[in-house]
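Please keep the sequence and the structure in view while reading.

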Amino acid sequence: MAIRYALPNGLTVVFEEQHAAKVAAFQVWVKVGSADERPDQAGLAHLHEHMLFKGTERRGPGEIARDVEAHGGEINAWTSFDQTVYHIVMASQFARMGLDILGDAVRRSAFDAEELAREIEVVCEEIKRSQDTPSRRASRDLFATAFQVHGYRLPVIGTAESVRSFTREKVLEFYHRYYTPQNMVLSVAGDLREDELRGWVEEIFGGDWGRPFAGPVVRAAEPPLTERRVLLRPDDVKEASVHVAFHIPQAGHPDTPALDLLAMIVGQGEASWLTREVKRRHNLVNDIHAFAYTPQDPGMFSVAMNLQAENAPRALRETTRVLATLRAAPVSAQELSTAKALMEAEAVYQRETVQGVARKMGYYQSGLGSLDAEERYYEEIRAQTPEKLREVARKYLRFDRAIVTAQLPGGQGLTEADVHAALDGADQEPPAAPPERKARKVDAGEPSLRVGGTSKSPPRTIIEKLPSGATVLVREDASVPLFAVRAAFLGGLRYETASDNGISTLLSRCLTRGTPSHDAEDISQLIDAYAGNMGGQSGRHSTSLRGEFLSRHFEPAFRLFADSVLHPAFPEVEVARERSLMLQDILTREDKPSGLAFELFHRTLFHEHPYRLPVLGEKASVEALTPQALHAWHAGHMDPSQLTLCVVGDVKVDAVLALAREYFGASRGKVAPPPRIAAEPRPTSARQEKRVLTRAQSHLVMGFQGMRLDDPAHYALEVLSGVLSGQGGRLFIELRDKRSMAYSVSSFGMEGIEPGYFAVYMGTSPEKVDAALAGIREQLERLREEPVPEAELARARQNLIGTHEIGLQRCGARAGVIAMDSMYGLGADNSLRYAEYISAVTSEQVQEVARQVLDFDRSALAIVGP
């Protein structure tokens, strides 16, 4: 049960005690965002997000992140139009330290002038990164068109010009004005007791801060829209992006629940109206979704679509026809019931992690003024009727006041005349008929929001080998009323050749697109009916199907899942549609330069092994893939005898095993032998490739051949990466904090069944490339030449252990890790021994693995940029 109280100085505290995991989350919600800035402050709220971790009166630059990571925690922040939020999650045994660090940052930040100058350069790199991201540019156009007076019209991050104008005095003015207890909410969730938390909060956040709150600023109100607004912008992209939007009220308005339900019904999930009509039936878009954006002030109901430019006029017409249907006819009672159940189920899924619980409490308390607002919201959701939804659609989805923006490759594909014709037609032509859902009886009762329970040692994984050869693993966890299931098979990219590259990705996308018992639409509707999600995945070593559902739907959801694993029909029309979408993804690779850099790196390091191939495939190989090829691949590599099945969550072992035996107990006897794959020969010299691409940033990947999954030395390599990575790691401190070379810089390893790779990535300005590469090399050479000091090694080890535990709070994450570890022969409980393995790594082992792996004479470097 959540509690709320206030300190005498005005700080509001919200807390929910739960003990399912030995983890605690702390969040400070500062009620100021970019919409509160004066014109000369554009981007200042976001800059504070960066600066509060750059040192305090008690902690020097870099110490905050190092202290958090040294105790296994994660620290970060985000800025929106309305709030700035600082958050820490860490093991509960170190909870007081985490709270002290957060309180120190928001209460006593130093704003050192030299640190400020360096961080301004980092923010400018972040701005360049956003300029290279098509979705960010499209969002910027939408908000700048929809809002012409209100602060929502401006990007949260500011501009390079505005950010470079900030002085320490201007930063302190903003800080003293808004960073006061009366303007903050402290949200806490996790493995703590109320009495100890109250004492800590009073000690760390109590007393007079010397910064009285002057009250919120008065924001300029956006005038009512009385006509259409259209912005069509030529852009250097491969794929068009179109938004159709309408002004709607703010969060807390009585119409908001109906608008949220309309957005879910019309444009969220595979069973939504827009997906079924515009994407599946007419094949006009690569992706389409709707959302109701309801911030502190009036927001937007928006439909976003990505598509081939030549399809834009017709896609816009079909989209507006579907929206017109919401105005003309009430949704069915069954559809509304399903949407209500899905929205309440989202609340259950959010409660799997302490961060999710803290974020929900922080949002309701800071944005709507009360924790009770959540229960009121769901009461209002439950009270909505089809007639109310139609009334709200008529009120707000006004085509004479629509906002349409588009990013168009070379300016081609859509004209203003096309836009007005589509909008006029939606008002004048008969609307489309509502898509029909198949009638079905499903328990749509209210999901329980229970979470927590008593802290306990990790439950045992039950393992059973079926007569078919399938391995079934079950781990019960009743802390949240849901379960996750993963069916995994060896395969993926490793089993592909240049001629069929992309086959496992296409197959994984088609697993839920029809069986002899259910067509694709039926499967999508059943997933919604069971308040879950289900989809295929394919990577370098495996192909799998994952699912998450509310536990009260366990048996029918499991049967649907098993049917999709065993009997995918690969219908020609569905395969053709998914193949077309993959080809469009391949075409738009240039719109994602960082991903392009990694693909170039893989081709540079690996010349013979399948790791050189892109997971998505190449145009020629994907075009050649057929349903017959998918059937053959599925029969050869996804037989029950090759299956590893894992179920984690609020289930009973006996019930899981009974269904597993029923569905997966017998082999079909068509197994293909695994391909013979030789390890990649080590490079005999340094390799370098560059792809010229006109962008604001250059993207660098430097790497080396790495480790096998079963090589015990890969734990030393993980610790080496931990020394480099994180906000307290060498790359971040030396190249980002001290030299302002990048916003994004990180290291990571990909352990393979054959040797994988270890690499460093950085996105930086083109003029900084040479210095960046020299800086990366300098840090890697230090690891070869100098033992890592014990304090730094301890930080890296504890950070790896802590983030591992934090990342395994969700049932889906645990199901995936258990399944993969078992399938790769590492043992079903391998993840439970992760802390033991990492803690045993010594400085000598890190240096030894550095000398083994970081061989610059055998390195690979890929650069994508100007």
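Two strands are said to pair if DSSP finds at least two bridges between them. Helices (H or I, at least four residues) and strands (E, at least two) are DSSP runs, numbered from the N terminus. The model is predicted, so to speak of local features requires pLDDT of at least 70 and side-chain atom pairs count only at pLDDT 80 or more, while totals for chains, interfaces and linings use all residues. Residues are numbered from 1 along each chain as its sequence is written, and side-chain values use heavy atoms, with hydrogens and water left out.

With these terms, one pairing can be located. Strand β19 (residues 698-705) runs antiparallel to strand β22 (residues 860-865), and five bridges connect them. In this pair, L700 faces I863 of β22. Both strands belong to an open sheet of five strands with mixed pairing, in the order β18-β22-β19-β21-β20. At its edges are β18 (687-692) and β20, each of which pairs on one side only. From one strand to the next, the twist averages 10 degrees. Angles here run from 0 to 180 degrees between N-to-C directions, and axes are lines fitted to C-alpha atoms, for helices over the stretch in contact.

Helix α21 (residues 593-605) packs on this sheet and touches β18, β19, β20, β21 and β22. Contact means heavy atoms within 4.5 Å. The direction of α21 makes about 150 degrees with that of β22. Another helix, α25 (residues 714-724), lies across β20 and β21 and runs at about 15 degrees to β21.

How many residues lie between β20 and β21 in their hairpin? The hairpin has six residues between the two strands. Strand β20 (residues 742-750) and strand β21 (residues 757-764) are antiparallel and joined by eight bridges. Within the pair, M750 stands opposite Y757 in β21.

A further open sheet has six strands, again with mixed pairing, in the order β12-β13-β17-β14-β16-β15. Its edge strands are β12 (462-465) and β15 (533-538); each has a single partner strand, so one side of each is left without a neighbour in the sheet. The twist in this sheet averages 15 degrees from one strand to the next. Six bridges hold the antiparallel pairing of β14 (residues 482-490) with β17 (residues 644-649). Here A487 is opposite L645 in β17. Helix α12 (residues 333-350) lies across β14 and β16 (542-550), at about 110 degrees to β16.

The next topic is the interior. Buried means under 20% relative accessible area, exposed over 50%, and partly exposed in between (1.4 Å probe, protein chains only). Of the 866 residues in the protein, 60% are buried. A nonpolar core is a set of buried Ala, Val, Leu, Ile, Met, Phe, Trp, Tyr and Cys residues joined through side-chain atoms within 4.5 Å. The largest such core has 78 residues, and V266, F301, M305 and L326 touch the most other members. Leaving aside neighbours within four places in sequence, F301 has contacts that include V244, F246, L262, V266, F291 and L397. Apart from this core lies another, of 54 residues, including I64, Y86, V188 and L192.

Some single residues deserve a look. R730 is in helix α26 (residues 730-737). Is R730 buried or exposed? Its relative accessibility is 4%, so R730 counts as buried. Beyond residues up to four places away in sequence, R730 touches several others, among them V723, L724, Q779, R782 and E792.

N283 and F570 each have a positive phi without being glycine. For N283, phi is about 55 degrees, and the residue lies in the loop between α10 (273-281) and β9 (287-293). N283 counts as partly exposed because its relative accessibility is 42%. For F570, phi is near 50 degrees, and its loop runs between α19 (554-566) and α20 (572-587). F570 counts as buried because its relative accessibility is 2%.

Finally, the protein as a whole. It comprises 31 helices and 22 strands. Its radius of gyration, taken over C-alpha atoms, is 27 Å, close to the 29 Å that the globule rule gives for 866 residues, so the protein is as compact as a globular protein of that length. The globule rule is 2.2 Å times the number of residues to the power 0.38. The C-alpha trace spans about 75 × 75 × 55 Å along its principal axes.
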